[in-house]
Amino acid sequence: MAADLSQLVKAYDVRGVVPDQWDESLAELFGAAFVRVTGASAIVIGHDMRPSSPGLSRAFARGAATQGVDVTEIGLCSTDQLYYASGALNLPGAMFTASHNPAQYNGIKMCRAGAAPVGQDTGLADIRELVEDWSESGAPEPAAKTGMITQRDTLEDYAAHLTSLVDLTSIRPLKVVVDAGNGMGGHTVPTVLADLPLDVVPMYFELDGTFPNHEANPLDPANIVDLQKRVREESADLGIAFDGDADRCFVVDERGAPVSPSAITALVASRELAKHGGKGTVIHNLITSWSVPEVVKENGGTPVRTRVGHSFIKAEMATTGAIFGGEHSAHYYFKDFWNADTGMLAALHVLAALGGQDGPLSGLVAQYDRYAGSGEINSTVADQAGRLAAIKSAYQAREGVELDELDGLTVTAADWWFNVRPSNTEPLLRLNAEARDEATMAKVRDEALAIIRG
C-alpha cells in the first residue's frame, strides 16, 4: 500500500512527526525522488540538531547516491548555511529541519542549484508522487554506479560571505544578548560574530533538539521573555533571538521591547537601497506595515507587494531583480544571498546600523515604526470560505473602502487596513490589522474578529 503523504508534504516543504508520519526508509525514497525531479548530478545536504536529523539526512543521502548522484554532506548547519552551500557550490540542496516545531517533528526544505526554492508548483508535487509510487511498488532501480558521499565543512566560508556583505569593522562597541533557543544559532553565531567589536552574551547556545528552555519560535511573545529580561539585566544595546534552524531573527531594543519585523524590513531596505545608489526593487508581503513601502519610496526604491510565503517572495525577487525582500514573520531575503532568506544577514545589518550612530536602538527604529499593528491573530473557524464571504459582504459597499483578494481578503481605508487569510494546513483564519493610531486599530481589529468568530 502506498504511503499517504497528504499530511507530510506541505506547500513549501516536507514536515511531520518521526517516526509516526515518516522515517528513514521514507527519507531514502525522498532522496531518490529529489535527484530524479531536479535532474541533479550532485547535491548538498545539511541538518539541524534534532535527535532524528542525522539519521534522516544520511538516509536521504543513501537514496540519492543509489541514483548515481554524488552527495556532499555539510553536517550540522542552519538553513541559511545550507542555502549558502547550494548557492556557492551551485548544487541542489536539502536541509533536514522542522524549524520551530516541537522535538518529535522533522522535515526537509529542498532547493535547486543556487538556492532556488522547491515548492508544490516547482517540483515538490512530483517528488511526492514518486515517493508514493515507490512506497507501493518498491524502491526505484539503482544506477549502474552508486554516487560518492563526502563531507565538507562550510561554516567558515558561510561566515566570511555574510561579513563581506556588511561592513562592521568601524562600528562602536556594542553589547548584544543572543538567544539561540538551543537551535542552530548556537552553532553559527560564534563563528559569524567572531572578531567583530561586539560583547556577545550567549543564551541557550547548547544544541538540543528537545528545546529544554523554550520553544524556538521567537514570534511567540512567550519565547522572548528570557531574552527581554537578560537585555535589561545586562544593560545591553539590543537582543537577538533566532528560531530553531536560525533562518529567522527577531530583535528587541535596549529596553527589552520587541522591534517589529516590519521595522527591521524598512531599516534593512533603506540600507540596501543606499548600497545600490538609491535604486532598486524591494519586495514586501501584503501584511507588512504601511511603513515598509513608504520607507522604500522615500529612499528612491520601488516597493512590490506580494502574497505571504517564501516561494512567492523568491519568485518575485527573481522576476523583478529585487535587491531585498521582507516578511512580517521575520524572514529576510537578499539578492546578494541568491534571493534566499537569512536572518543572520539581517541581524548584521541591524548591528551595523546601530553601531554606526550614537543613539539607542529604540530611537533608531522609531522612524521605521509608524503605525499601530495588531500582530497576527488566529481564530479556529470551521467554514473559512463562509467567514471570508461574510467579511466581504460587510465591507464591500462601504464608502472609501477598497477590497482585494491577492491573498485571502484585504480591506483598506484611508486610516486603516486589515487582511484575513486562511491557513494552508489548519482550520484557522489569520487576521492582521493596522491603523494610524492604537484606538482605531483596536476598533478595526475587534470589528473584524466579531465577524470571523460570529
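**Notebook: cores, cavities and salt bridges**

I began with the largest nonpolar core, which has 73 residues. Leu238, Phe242, Leu348, Leu351 and Leu361 have the most contacts inside this core. I took a nonpolar core as a set of buried Ala, Val, Leu, Ile, Met, Phe, Trp, Tyr and Cys residues joined through side-chain atoms within 4.5 Å. Buried means under 20% relative accessible area, exposed over 50%, and partly exposed in between (1.4 Å probe, protein chains only). Helix H11 (residues 343-355) gives the most to this core, with ten residues. Helices (H or I, at least four residues) and strands (E, at least two) are DSSP runs, numbered from the N terminus. I also noted a second, separate core of 32 residues, with Trp22, Leu56, Met110 and Leu124 among its members.

The model is predicted, and residues are numbered from 1 along each chain as its sequence is written. Local features need pLDDT of at least 70, side-chain atom pairs count only at pLDDT 80 or more, totals for chains, interfaces and linings use all residues, and side-chain values use heavy atoms, with hydrogens and water left out.

**Contacts of single residues**

I looked up Phe242 next. Leaving out residues up to four places away in sequence, Phe242 touches Val178, Asp179, Ala180, Val189, Pro218, Arg248, Cys249, Gly343, Met344 and Ala347. Contact here means heavy atoms within 4.5 Å.

Then I went to Thr72, in strand E3 (residues 70-76). Thr72 counts as buried because its relative accessibility is 15%. With residues up to four places away in sequence not counted, Thr72 touches Ile43, Val44, Ile45, Thr150 and Arg152.

**Helix H9**

Which residues of helix H9 (residues 291-298) are buried? I found Ser291, Val292, Pro293, Val295 and Val296. They pack against helix H8 (261-275), strand E13 (281-285) and strand E14 (302-306). Just after H9, Gly300 takes a positive phi of about 90°.

**Salt bridges**

Side chains of opposite charge can pair when their charged atoms come close. I counted a salt bridge where a side-chain nitrogen of Lys or Arg is within 4 Å of a carboxyl oxygen of Asp or Glu. The count comes to 24 salt bridges.

Glu298 forms one with Arg370, and their closest N and O atoms are 2.9 Å apart. This pair links distant parts of the chain, 72 residues apart. Glu298 is in helix H9, while Arg370 is in the loop between helix H12 (361-366) and strand E17 (372-373). Glu298 is exposed, at a relative accessible area of 53%. Arg370 is partly exposed, at 31%.

Glu376 and Arg421 also meet in a salt bridge through their side chains (2.9 Å, N to O). They too link distant parts of the chain, 45 residues apart. Glu376 is in the loop between E17 and strand E18 (377-380), and Arg421 is in strand E21 (residues 416-422). Glu376 is partly exposed, with a relative accessible area of 33%. Arg421 counts as buried, since its relative accessibility is 8%.

Arg445 is partly exposed, with a relative accessible area of 23%. Asp446 is partly exposed, with 41%. Lys109, Asp245 and Asp247 are linked in a network of salt bridges.

**Cavities**

How many cavities of 30 Å³ or more does the structure hold? I found three. On a 1 Å grid over the protein atoms alone, a cavity is a set of points where a 1.4 Å probe fits but cannot get out, and a pocket is an open set with protein on both sides within 12 Å along at least five of seven lines. Lining residues have an atom within 4 Å of a point. Grid points are joined across faces, edges and corners, and a volume is the space filled by probe spheres set on the points.

The largest cavity has a volume of about 50 Å³. Its lining is Tyr12, Tyr83, Lys109, Met110, Cys111, Ala115, Pro117, Val118, His310 and Lys314. Lys109 is also in the salt-bridge network with Asp245 and Asp247, and Met110 is in the second core. Strand E5 (105-112) and helix H10 (310-320) each supply at least two lining residues. E5 gives the largest share, three residues.

**Pocket**

I ended with the second largest pocket, at about 200 Å³. Among its lining residues are His284, Trp290, Pro293, Arg305 and Trp417. Pro293 is also one of the buried residues of H9. The largest share of this lining, three residues, comes from E14.
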